[in-house]
Amino acid sequence: MAATAYSDSDSGRGESSEANSKWLDAHYDPMANIHTFSACLALADLHGDGEYKLVVGDLGPGERQPRLKVLKGPTVLTESPLPALPSAAVTFLMEQHEPRTPALALASGPCVYVYKNLRPYFKFSLPPLPPNLLEQDLWNQAKEMSLPSVPVFLEISGQFDVEFRLAAACRDGNIYVLRRDSKRPKYCIELNAQPVGLVRVHKVLVVGSTQDSLHGFTHKGKKLWTVQMPAPILTMNLLEQRSRGLQAVMAGLADGQVRIYRDKALLNVIRTPDAVTSLCFGRYGREDNTLIMTTKGGGLVIKILKRTAVFVEGGGDMGPPPAQSMKLNVPRKTRLYVDQTLREREAGTAMHRTFQTDLYLLRLRTARAYVQALESSLSPVSVTAREPLKLHALIQGLGPTFKLTLHLQNTSVARPIVGLLICFLYSEALYALPRAFFKVPLLVPGLSYPLETFVESLSDSGISDIIKVLVLREGQSAPLLSAHINMPGSEGLAAA
């Protein structure tokens, strides 16, 4: 299927074209029929040929059987059934000799299946069989660690023989941190909601919660920052661009966005046609920086990060703007400033009363002028509900002949208006009009009617005056609307 372009933006600023995007749209197949989550995606060079494949533990929704799929590019290379739902997939090295081809470990139901060269190699069932003698000591140390609740997400850092930390997000809404020699959790991070994802970025634990927010914690449980998301978080994973030393967290949201954060700074937003349920970033094929996404409807989206792309932290609506941290160059207080401050402090009550008096007078004069304009119909908009009209005048030309266009509009919802008259008041010594009084046709609601006439300037000295336009109702002396038109000077006569 042909690639389809989607918009992605930096720091909240939309970019609608692929040329301005940081990503290349390599492949999109809405009918790929892949249903999985991030823990069941893995990238590995399974055949030792330098071309990385995608391993997918497909859940097989509905009545379909769960399957293990291996993809090469956009096509499925192999596919094999699984006896139960998969929960995680990871690749690891079993041998030291060349070529070092990794093996695949897949957790499915109560068993862990190990594949080598895409063929079943080993099965480890729970409860476990007697372990290997070489692993006996490791299992004895591991079984001594206990947690107060069932873990749902694990993040491990460090080496087992030297020092390691294990962070476990559990179903009781807490995150427990264990160290190598501790039998019980050393630190506990209490969350206000259930965790939906756990990713370690450098030395920071990034946790997504059901309250639509991301939280950053240290390994000792100190909260560093919180970012609110615009929609619920469906999946999370790590984005690591090793060529630039960048580590960031990716969060797939229910509204079709994939947001990339470094700490609390928003780096990039990718918009997809459907909600993303799994994310995986790494080397795919022969491209080092490839983003693989599967959607809620079973679609597959593959994007490649441009080699020239640089993620820049943007202000957007996340956190305070950079200008807030800049120190203002406040001038020193002068003697005049100090004297004015003392005067305002001593006469503050009198100054406030004077200000209130002036404000009341301004409001009174404004109200009187408004009432006078309504009574004399000087406003270009009618204020009566019976005759809802709007008048606008336009003068065109250089002179001595001008074109005068009146735009009269009936602003009522459904009632037409008939029986209106237009009257012009002007100085006959300065101007001449072919019709100074004419009847207006029926006005349909909502339409603007242009009424045109011509004005001829009679003055040779370029003197201009005001022409009054009155909108009248038949049988009434008071105008409904009026407009005063400031006529321009006749440039035609001046040039002649």
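Setting aside neighbours within four places in sequence, Ile 422 is in contact with Leu 406, Ala 436, Phe 437, Phe 438, Val 440, Leu 451, Val 469, Leu 470 and Val 471. Keep in mind that what you're looking at is a predicted model.

So where does that residue belong? Ile 422 sits in the largest nonpolar core, which has 26 residues, and together with Phe 424 it touches the most other members. Several strands give two or more residues to this core: strand 26 (389–396), strand 27 (401–410), strand 28 (420–425), strand 30 (437–440), strand 31 (448–457), strand 32 (466–473) and strand 33 (481–486). The top contributor is strand 27, with 4 residues. There's also another core, lying apart from that one, with 19 residues, including Ala 248, Val 258, Ile 260 and Phe 311.

Four strands make an open sheet, in the order 26-27-31-29, with antiparallel pairing. Which strands stand at the edges? Those are strand 26 and strand 29 (431–432); each has a single partner strand, so one side of each has no neighbour in the sheet. Strand 26 and strand 27 pair over 8 bridges, in the antiparallel sense. If you want a spot to look for on screen, find Leu 389, which stands opposite Asn 410 in strand 27.

Strand 24, residues 287–295, is mostly covered, with 7 of its 9 residues buried. On one hand, strand 24 is joined to strand 23 (residues 276–284) by 7 bridges, and those two run antiparallel. Cys 280 is the residue standing opposite Ile 292 in strand 24. Strands 23 and 24 form a hairpin with 2 residues between them, and Gly 285 in the turn has a positive phi of about 70 degrees.

On the other hand, 5 bridges join strand 24 to strand 25 (residues 300–305), again antiparallel. Here Ile 292 turns up again, standing opposite Ile 302 in strand 25. This hairpin has 4 residues between the strands, and there Gly 298 takes a positive phi near 95 degrees.

You'll find Glu 163 in strand 12, residues 163–170. Not counting residues up to four places away in sequence, Glu 163 touches Ser 157, Gly 158, Arg 179 and Arg 180. Glu 163 and Arg 180 are 17 residues apart along the chain, and their C-alpha atoms are separated by 6.0 Å.

Okay, zooming out. The chain has 4 helices and 33 strands. Of its 496 residues, 39% are buried. Among contacts with a separation of 6 or more, 46% are between residues 24 or more positions apart. The chain exposes about 28400 Å², and carbon and sulfur atoms supply 55% of that.

The chain averages a pLDDT of 81, and 86% of the residues score at least 70. Over residues 1–7, though, the pLDDT is below 50, and that stretch has 21 contacts in the model beyond near neighbours in sequence. Residues 10–17 also stay under 50, with 19 contacts beyond four places in sequence.

Notes
Residues are numbered from 1 along each chain as its sequence is written. This is a predicted model: local features need pLDDT of at least 70, side-chain atom pairs count only at pLDDT 80 or more; totals for chains, interfaces and linings use all residues. Side-chain values use heavy atoms; hydrogens and water are left out. pLDDT is the predictor's confidence in each residue, from 0 to 100. Contact means heavy atoms within 4.5 Å. A nonpolar core is a set of buried Ala, Val, Leu, Ile, Met, Phe, Trp, Tyr and Cys residues joined through side-chain atoms within 4.5 Å. Buried means under 20% relative accessible area, exposed over 50%, partly exposed in between (1.4 Å probe, protein chains only). Two strands pair if DSSP finds at least two bridges between them. Accessible areas come from the Shrake-Rupley method with a 1.4 Å probe; for residues, only the protein chains shown count as cover.
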